[in-house]
Amino acid sequence: MDKPKRRFLNSKRLFHSRLPPIGSGDQIDYRNMSLISRFISEQGKILSRRVNRLNLKQQRLITSAIKQARILSLLPFLNNEKQFERTKPSPRTLGFGTRKK
């Protein structure tokens, strides 16, 4: 009995034929913000190697560059936009004497 051929092998080959995320001329450095920002999520987290499609050496260089940029305050540690929104104060915090005894 012959086994049926698997059709999903072609899709795996297409997955590996994508262009690499870092070109040969790109310099991995903390000052290269256009390159670094591609490897950070919307929340400000560093994306994993599997998502970035990087090898181990490139991922280590990207991680250290992101951390260096955060220390030098070129990048925020957190990217919470809700943190900076101004909200209307609640009536409980408006003044003194609102507390019942």
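Visitor: Is Arg 31 buried or exposed?
Guide: In this predicted model, Arg 31 is exposed, with a relative accessible area of 59%. That value is over 50%, so Arg 31 counts as exposed.

Visitor: Which residue does Arg 31 meet in a salt bridge?
Guide: Its partner is Asp 29, and the N to O distance is 2.8 Å.

Visitor: And why can side chains pair like that?
Guide: Side chains of opposite charge can pair when their charged atoms come close.

Visitor: How many salt bridges are there by this rule?
Guide: The count comes to 2. Besides the Asp 29 and Arg 31 pair, Arg 38 forms a salt bridge with Asp 26, and their closest N and O atoms are 3.7 Å apart.

Visitor: Where do Arg 38 and Asp 26 sit?
Guide: Arg 38 is in the loop between α2 (33-36) and α3, while Asp 26 is in the loop between α1 (9-16) and α2. The two are 12 residues apart, and the pair links distant parts of the chain.

Visitor: New topic: what about the phi of Arg 53?
Guide: Arg 53 has a positive phi, near 60°, and is not a glycine. Most residues other than glycine have a negative phi. You'll find Arg 53 in the loop between α3 (49-52) and α4 (56-71), partly exposed with a relative accessible area of 34%.

Visitor: What about Ser 73?
Guide: Ser 73 also has a positive phi, about 60°, although it is not a glycine. Ser 73 lies in the segment after α4 and is exposed, at 61% relative accessible area.

Methods: Residues are numbered from 1 along each chain as its sequence is written. This is a predicted model: local features need pLDDT of at least 70, side-chain atom pairs count only at pLDDT 80 or more; totals for chains, interfaces and linings use all residues. Side-chain values use heavy atoms; hydrogens and water are left out. Helices (H or I, at least four residues) and strands (E, at least two) are DSSP runs, numbered from the N terminus. Buried means under 20% relative accessible area, exposed over 50%, partly exposed in between (1.4 Å probe, protein chains only). A salt bridge is a side-chain nitrogen of Lys or Arg within 4 Å of a carboxyl oxygen of Asp or Glu.
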